[in-house]
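Open the model in your viewer and keep the sequence panel beside it. This tour goes from one selection to the next.

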Amino acid sequence: QTLLPLWRRNVTIIGIAALALLAIGVLTASQATLHLNRLRSAAEQIANGDLSPPSRISSPNREFAELQDAFIQMARNLRAAREALDRQVDQERKMNETLHSLERQVVRQERLAAVGVLVSGVAHELNNPLQAILGTAELLERQSGLSSEALDEVSFIKTQSGRAREIIRNLSRFSSQHTGPPS
C-alpha cells in the first residue's frame, strides 16, 4: 500500500504531462494549419490572376517565413512578367496598326501611279487625233470661198479643240506629278 500513492502520483504526473504535450501538439498543429491555409489562399489568389504580393505576416518558425517570402517573391516576379508581356503585346498591336496603315498607303500610291500611267496613255492617244482635227480646221479656214457660217463652224471647231487640248494638258500634268520621296 505504500506504493499505491506513489503510483497514483506518477500516473497523475504522466497524465498531466501527456495532456500538456497533447495541448502543445494541438496548438502547434493549429498554428501550422493556419499558416498553411494563408499560404494556400495566397496561391489561390495568384492562380485566379491577382498577382499582387500577399501581405507579410509573422510566422511561428523560419521555414514558414521563408515559404512566405518565396510566395511574395513569386507574385512579384509573375506580376513583372505579366506587365512586360502586356507592354510587348501593346507594342506589337501598335506596330501592326502602323504596318496596316503603311500597307494602305502603298496600295493607294500604287493605284495613283496606275491612274497616272493610264491618264498619260489616254492623253497621248487623244492628242494625236486632236492635232489632226486642229490641222484640218486650220486648212479649212484658209480656203477661200467658204461662207461665213462655215467659217463660224470652223472657228467653233478650233475653240472646242483648244479646250480639249487644255484638258489633255491638265491630264498630262496630273499624270506626271511626282510625289515626294517615300517616308
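In which helix do arginine 79 and glutamate 83 lie, and how many residues apart are they? Select both. They lie in helix H2, four residues apart, about one turn of the helix. Helices are DSSP runs (H or I, at least four residues), numbered from the N terminus.

A word on what is loaded. This is a predicted model, in which local features need pLDDT of at least 70, side-chain atom pairs count only at pLDDT 80 or more, and totals for chains, interfaces and linings use all residues. Residues are numbered from 1 along each chain as its sequence is written, and side-chain values use heavy atoms, with hydrogens and water left out.

Stay on the pair. Arginine 79 and glutamate 83 form a salt bridge, with the closest N and O atoms 4.0 Å apart. The term needs a side-chain nitrogen of Lys or Arg within 4 Å of a carboxyl oxygen of Asp or Glu. Side chains of opposite charge can pair when their charged atoms come close. Colour by accessibility next. Arginine 79 has a relative accessible area of 33%, so it is partly exposed. Glutamate 83 is partly exposed too, because its value is 41%. The classes are buried (under 20% relative accessible area), exposed (over 50%) and partly exposed (in between), with a 1.4 Å probe and protein chains only.

Now select arginine 62 and glutamate 66. Both are in helix H2, four residues apart. Arginine 62 counts as exposed because its relative accessibility is 58%. Glutamate 66, at 46%, is partly exposed.

Next, arginine 56 and aspartate 69. Their salt bridge has its closest N and O atoms 2.8 Å apart. This pair links distant parts of the chain, 13 residues apart: arginine 56 sits in the loop between helix H1 (3-47) and helix H2 (62-142), and aspartate 69 sits in helix H2. Aspartate 69 is partly exposed, at 33% relative accessibility.

Select Asp90, Arg93, Lys94 and Glu97 together. A network of salt bridges links them. The structure holds nine salt bridges.

Last stop: serine 161, in helix H3 (residues 148-176). Is serine 161 buried or exposed? It counts as buried, because its relative accessibility is 5%. Show what surrounds it. Leaving aside neighbours within four places in sequence, serine 161 is in contact (heavy atoms within 4.5 Å) with Leu130, Ile133 and Leu134.

Methods
Helices (H or I, at least four residues) and strands (E, at least two) are DSSP runs, numbered from the N terminus.
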